[in-house]
Amino acid sequence: MSKPKSLILTKNGEQVSFNKEPAAVFSTLRNGRYIVTIVKEKEPRSLDQNSLMWMWFSCISDETQTPVQDVHDYYCAKFLRRKIDWNGVERTVVEGTRKLDKERMSTFLDQIQADALTELGIRLPRPEDLYFNEFYETYK
């Protein structure tokens with residue numbers, strides 16, 4: 001089986017551009033029928049999201065006297081679990097945050113923020129909040 005060909009399309013308003021000339025990509029194909037599928041690219045989590053997560057974990061660690069890595073592992077186990085089929089047996093695995101896209105990381109942060117408030121009484125600020133700068137200076 002030959003390696004799949006990639007053609008990256010970017011749409012911005014009415015403008016559409018490609019990373020390569022489409023005709024050049026199509027000319028490399030063997031004769032036959034092909035299915036073209038367009039899938040929206042997912043952006044990886046941002047460094048800002050990752051930094052915010054670790055600041056929050058440091059705050060929770062300080063407030064609960066729990067090691068920061070344990071706070072991380074707890075929230076991953078609570079919110080990033082999924083079922084897999086392992087050799088015919090259903091297993092639960094815990095994902096880390098490294099491979100999350102921006103959207104999934106945003107959801108994960110929302111879950112942490114809500115849980116910290118309802119379960120621990122800890123209010124975790126977002127960058128747009130009034131007192132975030134003080135929080136940032138404490139936990140950066």
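Begin by selecting Asn50: apart from neighbours within four places in sequence, Asn50 is in contact with Arg45, Thr97 and Met105, where contact means heavy atoms within 4.5 Å. The structure on the screen is a predicted model, in which local features need pLDDT of at least 70 and side-chain atom pairs count only at pLDDT 80 or more, while totals for chains, interfaces and linings use all residues. Residues are numbered from 1 along each chain as its sequence is written, and side-chain values use heavy atoms, with hydrogens and water left out.

Keep Asn50 selected and show the helix around it. Asn50 belongs to helix H2, which covers residues 47-64. Helices (H or I, at least four residues) and strands (E, at least two) are DSSP runs, numbered from the N terminus. Is Asn50 buried or exposed? With a relative accessibility of 18%, Asn50 counts as buried; the term buried means under 20% relative accessible area, exposed means over 50%, and partly exposed lies in between (1.4 Å probe, protein chains only).

**The whole chain**

Now display the entire protein as a cartoon. The protein contains five helices and four strands, and along the sequence these follow the pattern β-β-α-α-α-β-β-α-α.

Of the 140 residues, 24% count as buried. Among contacts with a separation of 6 or more, 51% are between residues 24 or more positions apart.

Colour the charged side chains as well. There are 21 positive and 21 negative side chains, and the centres of the two sets lie 11 Å apart. Lys and Arg count as positive and Asp and Glu as negative, whereas His and the chain ends are not counted. The place of a charge is taken as NZ of Lys, CZ of Arg, CG of Asp or CD of Glu.

Cys59 is in no disulfide, and its nearest cysteine sulfur, that of Cys76, is 17 Å away. Cys76 likewise is in no disulfide. Cys59 counts as buried because its relative accessibility is 6%, and Cys76 counts as buried at 3%.

**Two loops with positive phi**

Most residues other than glycine have a negative phi, and most peptide bonds are trans. Select Gln65, which is not a glycine and has a positive phi of about 60 degrees. Gln65 sits in the loop between H2 and helix H3 (68-79), and at 69% relative accessibility Gln65 counts as exposed.

Move on to Asn87, in the loop between strand S3 (81-86) and strand S4 (89-94). Asn87 also is not a glycine, and has a positive phi of about 55 degrees. Its relative accessibility is 74%, so Asn87 counts as exposed.

Phe26 lies in helix H1 (residues 22-26) and counts as partly exposed at 46% relative accessibility. Phe26 and Lys5 are 21 residues apart in sequence, and their C-alpha atoms are 8.6 Å apart in space. Thr28 is placed in the loop between H1 and H2 and, at 47% relative accessibility, counts as partly exposed. Thr28 and Lys5 are separated by 23 residues in sequence and by 8.8 Å in space, C-alpha to C-alpha.

Key
Disulfide = S-S within 2.5 Å.
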